[in-house]
Amino acid sequence: MGEVMISVRELRKAYGDRTVLDGLSFEVECGTIFALLGENGAGKTTTVRILSTLIQPDAGKATIAGHDCIKNAAAIRKIISLTGQYTAVDEQLTGEENLRMMGRLSRLDRHTIKKRTTELLQQFDLEEAAGRQVKTYSGGMRRRLDIAVSLLASPSIIFLDEPTTGLDPRSRMRLWDTIRQLAQSGTTILLTTQYLEEADKLADRIAVMNGGRIVAEGTAEELKRIVGSEWIELIFRHRDDLAKARALVNGQPDETRNTIAVPSDGSAESLRRLLNGLHERGIEPESVQLRKPTLDDVFIQMTGRQKEAVSV
């Protein structure tokens, strides 16, 4: 087991009568990518704000590289960076000017600022746009510049709060490559996301948040095994057949596709029992597909948000 860089123990936070964090606990090892996965309101951003010392918890303890988030906030701020959901660069300045300005604000010496600016513009593929005003940048370019600015002081820990929100698929994949490269260089990354694919593609470990606490944690493959080795997807031609099947099988319906996904142990016998049970009641799916579980299946099952969940 590697060195623990982020430790969270029984964090609690409420705003008035609304509990946002309810006993949150997890650990992040050095040089890994850890994803907090959850819907809006799950408590992801509040967690990041506590860990980056912007707010304090009501109870519990969090440490960053051994520093207590309440008692040693100044020490923590020297070794972390935070990129929020919205870019925080100056649109009137050029990309290079943004980097140089942040270098001065970070009290870096002139030589370091020049060196790091050149390195980051190259690393984030912004060399050609370095002299242009940021207001002319695409969304993906602004997000890359935003992360580049946060890396000027070479932080050992980076918090990325929904870093790809609003980006097109191509820009999102490009930013994923950048995040992977940062982790490979030894940087510890905690990212929050509501994109299941993002957590699946990037994270070494994933924690599913619901109601201010962790309801499942593990690698992507470990989490997928929680909900079965395979899923049987029943596709129906008519909405009436789907409605009848929903009353008989316990699965995840998708009315837009006229399907129900049913967890299975992967055996031929489980498929036979399912189809025979439907056939005896005059219900015939148009087609049947077998597929591996996805993080979507995990998320729906673990958060209790089964789209109009059905019972046997």
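**Exercise 1.** Locate Ala 65 and state whether it is buried or exposed, or in between.

*Solution.* Ala 65 sits in the loop between β4 (59–64) and β5 (67–68); strands (E, at least two residues) and helices (H or I, at least four) are DSSP runs, numbered from the N terminus. The model is predicted: local features need pLDDT of at least 70, side-chain atom pairs count only at pLDDT 80 or more, and totals for chains, interfaces and linings use all residues. Residues are numbered from 1 along each chain as its sequence is written, and side-chain values use heavy atoms, with hydrogens and water left out. With a relative accessible area of 29%, Ala 65 is partly exposed, a class between buried (under 20%) and exposed (over 50%; 1.4 Å probe, protein chains only). Its phi is near 50°, a positive value in a residue other than glycine. Most residues other than glycine have a negative phi.

**Exercise 2.** Describe the phi and the accessibility of Glu 162.

*Solution.* Glu 162 belongs to the loop between β7 (157–161) and α6 (169–184). Although not a glycine, Glu 162 has a positive phi of about 50°. Glu 162 counts as buried because its relative accessibility is 4%.

**Exercise 3.** Determine which residues Thr 46 contacts, leaving aside its neighbours within four places in sequence.

*Solution.* Thr 46 lies in helix α1 (residues 44–51). Its relative accessible area is 12%, so Thr 46 is buried. Apart from neighbours within four places in sequence, Thr 46 is in contact with Lys 13, Tyr 15, Val 20, Leu 21 and Ile 55, where contact means heavy atoms within 4.5 Å.
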